[in-house]
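Please keep the sequence and the coordinates open beside the text while reading.

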Number of protein chains: 2
Amino acid sequence: MKQRQASLADVARLAGVSAGTVSRTLSRPAMISGATRARVHAAVDRLGYVANGSARALATRRTLTVGAIVPRFGSSSFPTMIQALETTLAVSGYTLLLSAPEYPRSLEPAIVRTLLERGVDAVALLGAEQAPQTFSLLAAHRIPFVLMWDLDSSGGDSIGFDERSAAALVVDHLADLGHRSIGFIGGRAAANQRARSRFRAVVENAARRGLDLCEQALLETDYGFREGFEAMQTLIRARAPVTAVIAGNDYLAAGALSALDRAGIAVPRSMSIASFNDNEFAAYLHPALTTVRLPIAAIGEQAAQYLIARLAGERPSRTGPLEVELIVRSSTGPAPRQPELTADGRVEGTK
Amino acid sequence: MKQRQASLADVARLAGVSAGTVSRTLSRPAMISGATRARVHAAVDRLGYVANGSARALATRRTLTVGAIVPRFGSSSFPTMIQALETTLAVSGYTLLLSAPEYPRSLEPAIVRTLLERGVDAVALLGAEQAPQTFSLLAAHRIPFVLMWDLDSSGGDSIGFDERSAAALVVDHLADLGHRSIGFIGGRAAANQRARSRFRAVVENAARRGLDLCEQALLETDYGFREGFEAMQTLIRARAPVTAVIAGNDYLAAGALSALDRAGIAVPRSMSIASFNDNEFAAYLHPALTTVRLPIAAIGEQAAQYLIARLAGERPSRTGPLEVELIVRSSTGPAPRQPELTADGRVEGTK
DNA sequence: TTGTATGCGTTATCAA
DNA sequence: TTGATAACGCATACAA
């Protein structure tokens, strides 16, 4: 019973045709007469034949496989992007080869080499935390690739949104409501390209609107509930003179809201909160939470479509940044309004 | 400049040796003399040679690739499992081929066929929402596979935890605190094997402890913040006579807590909340939230180790369910205590 | 419409 | 230690 898997030759023998005919029957049925086609299919079913992709790849020089390098899979919006990427690729027959390196590994060229050995037809890079060598390797092997999330990087085409306009939406919103002094709880700029540009975008926009973004209220931490909770506690304890806080992502927002709740500080009466919405769940955290909805799934979809086009020999024109949307949920609760400051500028509720 | 990638033959020519020697130099350097080894490596570097995995797979009959089928990637704990799976596999040189079908597609046999064509050496199935045919196909092709999450399924080995003991931990905790009547907000049992067994586990344990789990307080919904929010609102409006509610996962817990907050119902004074902790973030939602920490990352790791062992020709013994842990955060807030009931048995705070 | 023959790039077997 | 040669399974150009 230890027989190997059925091959094209086995099918051909059983069907009484040549191997070439079987191959054609499976790939271009139109070329084959109805009678033999039926015989071949019968043999295929009977033997449970499944094509050997390695042999096919060797002969055709394509694997119908796309590689993805995804740093920091866990607490990010990358799974959503990957889902969209994979689903869209699958429609066109492509399979996704996933590499989810934990932090320092994402800089190892070995990852790209593995992908190249596997013969991926294209590569998707998420978050652009790769070594420069990655790009030269891909270029040297003429593998089309796309950068997801980050619009600024050079070297290849990229699909993403503009952090500056996203930040502008939130900051403008808060400024228009009358806030003059705000805080920001964001990811670690030192360790994370995305956190860095978001950080910068908030700072620049605050400056543009003349908002006070005091150093004391500018916190960097890991993305996470606990981190958001602790960061907000820090702000509260320090009595940071702010009337609104922007959270860098959903996790931070959730933690921050929880900390405010625990401290008895009412949102939005005593403190306004806004958040970048990576995971599309910040929206449901609090009825008065303003969020910027980032086009996460759309990035995955469009990146897939870009690669598919490239692999079809087209040269898609560069698309602009994907649209970012501000969600103000005034309908599900009181809209953020001019905060009531205490005499000394402290936030109400800090004791 | 349109030359194809360098092949083993190219390297051999440049190094002045045979192709076989190059192959051996790369795979079993010990067999080769220092001098030729150096020459070969020089040629490899010079040409930027990368092995062709398809040809290697064809010759060796192994791809060093493991397939994973992952339904409902988005709002689940699967990304964490995948990260652990991939990381552990990578250490042993295996790459992950990811299939993340949206719902109905997970039942298509075409997915498994694609994986088989790609020549995966093994397959990991997450959440066991696959068609029965999946298992027979894998068996017919003698592909080792492992079921992740679900311990009960038959057909292959599985790595997971026991929903019943997880539920027992929470229910016992609430019962010991003196709660007599509780509610449960869980996932949709009809659409989701995992939600179903969790549901059942809670019901059975409640019965075992003589807790009242009235139908009115037994809600099924999609996993999500909004859904948890709305479910809890439903309970509040219906004035469900419960003093504690168990949330089926983190998202539901977050939404439920938000709804309680909005309704002015104090946790845990007027209502106790406990939650299954798929994503390890429920822990930070509320200082008095009791959670069952599910061994998500451990499942990914152990599944990888299981497959690696199988692929090495071993036959690992069945391991029992992974450990589940109850986290009571009394240190970060008041522990849930005997709730104060109103005269007519209503929960305090519902108006 | 179908069969034949060759090549894809690697590993493995057997000699030298 | 190294070289020659034969698979591995499929696709395709060419012939029939």
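A residue is near a molecule or strand if its C-beta atom, placed from the backbone, lies within 6 Å of it. The model is predicted, so local features need a pLDDT of at least 70 and side-chain atom pairs count only at pLDDT 80 or more, while totals for chains, interfaces and linings use all residues. Residues are numbered from 1 along each chain as its sequence is written, and chains are lettered from A and ligands numbered from 1 in the order in which they are written.

- H4(B) gives the most to the surface near DNA strand C, namely five residues.
- By class, the surface near DNA strand C has 13 nonpolar, eleven polar and two charged residues; here Ala, Val, Leu, Ile, Met, Phe, Trp, Tyr, Cys and Pro count as nonpolar, Asp, Glu, Lys and Arg as charged, and the others, Gly among them, as polar.
- DNA strand D is surrounded by 26 residues, and the closest are A:Ser7, A:Leu8, A:Gly20, A:Ala55 and B:Gly20.
- The elements that give two or more residues to the surface near DNA strand D are H2 and H4 of chain A and H2 and H4 of chain B, and the residues of that surface divide into twelve nonpolar, eleven polar and three charged.

**Contact between the chains**

- In chain A, 47 residues are in contact with 47 residues of chain B, two residues being in contact if their C-beta atoms, placed from the backbone, lie within 7 Å.
- On the side of chain A that touches chain B, at least two residues each are supplied by helix H4 (53–60), helix H5 (78–91), strand E2 (95–99), helix H6 (109–117), helix H10 (225–237) and helix H11 (250–263) of chain A.
- That side of chain A is made up of 22 nonpolar, 17 polar and eight charged residues.

- Ten strands form an open sheet with mixed pairing, in the order E5(A)-E4(A)-E3(A)-E1(A)-E2(A)-E2(B)-E1(B)-E3(B)-E4(B)-E5(B), and two strands pair if DSSP finds at least two bridges between them.
- The edge strands, each of which pairs on one side only, are strand E5 (157–160) of chain A and strand E5 (157–160) of chain B.
- From one strand to the next the twist averages 25°, with axes being lines fitted to C-alpha atoms (for helices over the stretch in contact) and angles running from 0 to 180 degrees between N-to-C directions.
- E2(A) and strand E2 (residues 95–99) of chain B run antiparallel and are joined by three bridges, with A:Leu97 standing opposite B:Leu97 in E2(B).
- Strand E4 (residues 145–149) of chain A runs parallel to E5(A), to which four bridges join it, and A:Met148 stands opposite A:Ile159 in E5(A).

**Helices H1 and H2 of chain A**

- Helix H1 (residues 8–15) of chain A packs against H2(A) at an angle of about 100°, and their axes are 8 Å apart.
- H1(A) and H2(A) are therefore roughly perpendicular to each other, a term for angles of 65 to 115 degrees, whereas angles under 35 count as roughly parallel, over 145 as roughly antiparallel and the rest as oblique.
- In this packing, A:Leu8, A:Ala9, A:Val11, A:Ala12 and A:Ala15 in H1(A) meet A:Ala19, A:Thr21, A:Val22 and A:Ser23 in H2(A), and the contact has seven nonpolar, two polar and no charged residues.

**The six-stranded sheet of chain B**

- Six strands of chain B form an open sheet of mixed pairing in the order E7-E6-E8-E9-E10-E11.
- Strand E7 (218–220) and strand E11 (325–327) of chain B stand at the edges with a single partner strand each, so one side of each is left without a neighbour in the sheet.
- Strand E6 (residues 182–186) of chain B pairs with E7(B) in the parallel sense over three bridges, and B:Phe184 has B:Leu218 in E7(B) as its bridge partner.
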